[in-house]
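Have the model open while you read.

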Amino acid sequence: MRKYGWNSFKDLIFGNPAVVDQDPPVGDGAQNAERENWTSKREYLLSAIGYAVGLGNVWRFPYLAYKNGGGAFLIPYFVMLVVAGIPLFFLESAFGQFCSQGPINVWRAVPILQGVGVAMVLITTIVSIYYNVIIAYSLYYMFASFQSPLPWTGCLSWAGGNCSTTPKVSCNISGVLVVNWTQENTTCPSSSMQSPSEQYWDHVALQRSSGLDETGPVVWHLALCLLLSSIIVAAALIRGIKSSGKVVYFTATFPYVLIVILLIRGVTLEGARDGIEFYIGSQSNLTKLTEAQVWKDAATQTFYSLSIGWGGVTTLASYNNFHNNMFKDAFLITLTNAGTSVFAGFAIFSILGHMAHVYEIPVGEVVKEGFGLAFIAYPDALSKLPISPLWSVLFFFMLLTVGLDSQFGGIEVITTCLIDAFPEVFKSKRALLTIATCSILYLLGLPCVTQAGIYWVTLIDQFVASWVLLIVALLEVIGISYIYGANRFVKDIEMMIGQKSFGFWLWWRMCWFFITPCLILVILIWSVITFQSPIYGTVKYPMWGLVLGWCMIIFVVMWIFGIAVYKLFRAKGTPWQRVKALCRPSEEWHPYLDVHRGERYSEERCRHKEKPVRKRETNVNVITSSW
């Protein structure tokens, strides 16, 4: 009987004697010369970390931590990371690495669910459109920061009459004392006052219209920044992982340098301690742990920040060596992602604390999330620092590099799936395919840089990049655990990392069979029940905009059921026999290279297994194309 427990865990983390060479050298004969592998293990890790660590780590996690009890929020966050984040990341990594295919072809394991892979690619494609626009925002603000003073420091010629640089906590509205931006000679203006940074964002950067109905012209400085972003992405991916693997040495590491610089500068400022106390400190509220919403926020943030269900994790892992220890990678990448979220929060809140000190208002009144944090509150805080252009350039360059890494992964998902599907057409034309993909996404992104562009970005984010991902992830874990079979999947993983004990796999089976799918289902139902129509600020969306949002959801989800129905019609036999045939792996499901297939997936064994099926089913003429 095999030993299990700590020794099994230690072998996987520090080295696995069951596999002679977990990470074969580049020149090894087991390398996938036809489909390519990562040049080195470092390139994969940096690419995966860069893909997982996105803008949400910088502008959403700190706000959630502040809102949900400060340091107390770390407890549910890391619990959800252990029971959902790491198991799903491990599952997706192993799934892609085993067959060296993208998120569509991996579903040869369960042909009836191939539509799940198509849905992943569609989600990634749609999200890549507006994600590129957010990168364009960062580029524009970075260029605008090369001015002294910063253009949003005061109310200049572009500002409206309700612009003010002086906040005052003295406006009593309906008996509630609220923070208001006021002119020096005004206490409670009839119209809401705005800070210069807020007006700069609305009137200069976005040139925002009154709503989705008023499209307006293209904002050309944003269109040019969008073009530059597309060119950068295309150039980085021009040779696929061979070129992007080199670029991530800079784009995946330099953000940490910038965060450290901003943190050092932040903690030396007056009021920084107050900001950090509000983030994770004495202001932490353990009683928040009794609120279900806190646990839901923790699970949702864990799920989205790791990019589960987008297809990127599977795609990046598909370029690994077959015997790569993806278990160790899953721990390293997910913990780095979580640590980045926590670490970035200190840099954010230290400077927001200084901003609150300058304005003499509570820290809670200056804290925002998303666009409000990245392009209004934080730039406003940076404008109060000495040498403010330097800090502003560094901050927006950090946002740029963080966004680019995630965009690299999204584009790689699209091109990988096309090359896997049509290798004879696209394999030799990867550069052209990459340029064409980035060009199409640029054109599709132009509506998002009109005067109504921010409304389109918010609409896509709220509908497509939300609970639709939960549907995809739920079907993914059910398909692998219950239809393909978790036990079969475990044997596939053991072919890559060596045999492990029953005790070692017990936890992962529990997660894949029960804990993780139940958790996803609860979050999904809760998200649907509590779903609210998106708004931007106080601007509500017209009915046709909301209908369009639901149409985007339907367009993504219909492929899951449409492809399943199509395959059932194409199969032969009775309805039940067709379902059974499409729930079995196809003949094309196996490790990419013959040398890795072993006895379980050898051609001789497949033919031997097929003969009794043919003999048994000849009378009913049930030989499907999937088996």
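## Ground rules

Helices here are DSSP runs of H or I with at least four residues, strands are E runs with at least two, and both are numbered from the N terminus. This is a predicted model, so to speak of local features takes pLDDT of at least 70 and side-chain atom pairs count only at pLDDT 80 or more, while totals for chains, interfaces and linings use all residues. Residues are numbered from 1 along each chain as its sequence is written, and side-chain values use heavy atoms, leaving out hydrogens and water.

## Valine 79

Helix 5 (residues 74–99) is where you'll find valine 79. Valine 79 counts as partly exposed because its relative accessibility is 36%; buried means under 20%, exposed over 50%, and partly exposed in between, with a 1.4 Å probe and protein chains only. Between valine 79 and alanine 298 lie 8.6 Å in space, C-alpha to C-alpha, and 219 residues in sequence.

## Helix 19

Helix 19 (residues 453–463) is mostly covered, with nine of its eleven residues buried. Among them are Tyr455, Trp456 and Phe463.

## Helix 12 meets helix 21

Helix 12 (residues 292–305) and helix 21 (residues 502–529) have axes that come within 11 Å and cross at roughly 110°. Axes are lines fitted to C-alpha atoms over the stretch in contact, with angles from 0 to 180 degrees between N-to-C directions.

On the contact (heavy atoms within 4.5 Å), helix 12 brings Ala292, Gln293, Lys296, Ala299 and Thr300, and helix 21 brings Ile523, Trp526 and Ser527.
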